[in-house]
Amino acid sequence: MSDSRFEDLPLAEPVLRALREENYTVPTPIQARSIPAQLEGRDLIGCAQTGTGKTAAFALPILTHLANRPQKPKRGRPRVLVLTPTRELAIQVGKSFTTYGRHLKLRHSLVYGGVSQVPQTRNLAKGVDILVATPGRLLDLMSQGHVDLREVEFLVLDEVDRMLDMGFRPQIEEILRRMPRERQTMLFSSTMPPAVHALALQVTRDAEWVEATPEGSTAVGITERIYSVKPDKKTPLLLSLLDEPDWNQVLVFV
Ligand code: AMP
């Protein structure tokens, strides 16, 4: 853990107030290492998994930048674009902006596929500062004229390894072509295979590199085991494992 505290970082006061209310006092390592660079306007390449606090790592400096230079939200023209691979992650990121930005008058919109686009376009039409989107639906709404990325100042590419695994590279390229080159870019990925590395270098300029979880970092004394089972067998398997007599304390992550 780092020694610094959120209060020592030059975050906007309304953001610090929200953090106090959430009982966040100490930044996680990725936050401590990446927030100062982002507040200075630097691009960022972060190797970090879910659970490291990566969402706040980009949301807090972005909210601070917006708080320091307020503008009226414009119809379909976001200042911030966060691209995520899945709607679940988009919803989670949206919630984080709601939590950390609750004392700021900012509007965020969510755009993802698999549901009707009508509520999404209605929401965009009311004005948007921060847009959290999956690539496919975003391009659909752009081609219909509901979203215009020409005023994007901050771009976040979240879980890039997953986005590339899901085949979103062409969509990402297309989205990049429709936004200003002059912007601050933050890219996060839990792994850095060559394809992610290449994209990271393509989309950022003079970026700060931050790694939260060194590869293969299983703690000493822990044996990892993988069970390959069909989804409907997961719960019975878990229950039978829990019946093992020599287990006394068990933590289950879902
Ligand atoms: P993430 O890696 O962004 O999915 O965040 C993992 C969880 O950690 C979320 O539930 C956050 O609310 C929480 N969290 C993030 N940063 C901090 C912090 N500095 N102190 C306490 N909790 C945090």
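Author: What follows covers the ligand, the pockets and the cavity. This is a predicted model, where local features need pLDDT of at least 70, side-chain atom pairs count only at pLDDT 80 or more, and totals for chains, interfaces and linings use all residues. Residues are numbered from 1 along each chain as its sequence is written, and side-chain values use heavy atoms, with hydrogens and water left out.

Reader: Ok. How many residues surround the ligand, and which are closest?

Author: The ligand is surrounded by 14 residues, and Tyr24, Gln31, Gly51, Gly53 and Thr55 are the closest. A residue counts here if one of its heavy atoms lies within 4 Å of the molecule.

Reader: What classes do the residues of that shell fall into?

Author: Eight are polar, five nonpolar and one charged. In this scheme Ala, Val, Leu, Ile, Met, Phe, Trp, Tyr, Cys and Pro are nonpolar, Asp, Glu, Lys and Arg are charged, and the others, Gly among them, are polar.

Reader: Which oxygen or nitrogen atoms of the ligand lie by the backbone?

Author: An oxygen atom of the ligand is 2.6 Å from a backbone N or O atom of glycine 51. For glycine 53, a backbone N or O atom lies 2.7 Å from an oxygen atom of the ligand. A polar backbone atom of valine 26 is 3.0 Å from a nitrogen atom of the ligand.

Reader: How much of the ligand does the protein cover?

Author: On its own the ligand has 500 Å² of accessible area, and the protein covers 66% of that. The areas come from the Shrake-Rupley method with a 1.4 Å probe.

Reader: And which pocket is the ligand's space?

Author: The second largest pocket. A molecule sits in a pocket if more than half of its atoms lie within 2 Å of the pocket's grid points. On a 1 Å grid over the protein atoms alone, a pocket is an open set of points with protein on both sides within 12 Å along at least five of seven lines, a cavity is a set where a 1.4 Å probe fits but cannot get out, and lining residues have an atom within 4 Å of a point.

Reader: How much space lies in the second largest pocket, and what gives the largest share of its lining?

Author: About 260 Å³. Of its 16 lining residues, Tyr24, Gly53, Thr55, Ser96 and Tyr100 are the closest to its centre. The largest share of the lining, five residues, comes from H4.

Reader: Now the largest pocket. How much space is there?

Author: About 780 Å³. It is lined by 19 residues, and closest to its centre are Arg225, Tyr227, Leu238, Leu241 and Trp247. The lining has 13 nonpolar, three polar and three charged residues.

Reader: What about cavities, how many of 30 Å³ or more?

Author: One, from a search of the whole structure. The largest cavity holds about 40 Å³ of space, and its lining includes Gln71, Arg77 and Glu151. By class, that lining has six charged, two nonpolar and one polar residues.

Key: Points joined across faces, edges and corners; volume = space filled by probe spheres on them. Polar contact = N/O pair within 3.5 Å; in protein donor to acceptor, adjacent residues only side chain to side chain. Helix = DSSP H or I, 4+ residues; strand = E, 2+ residues; numbered from the N terminus.
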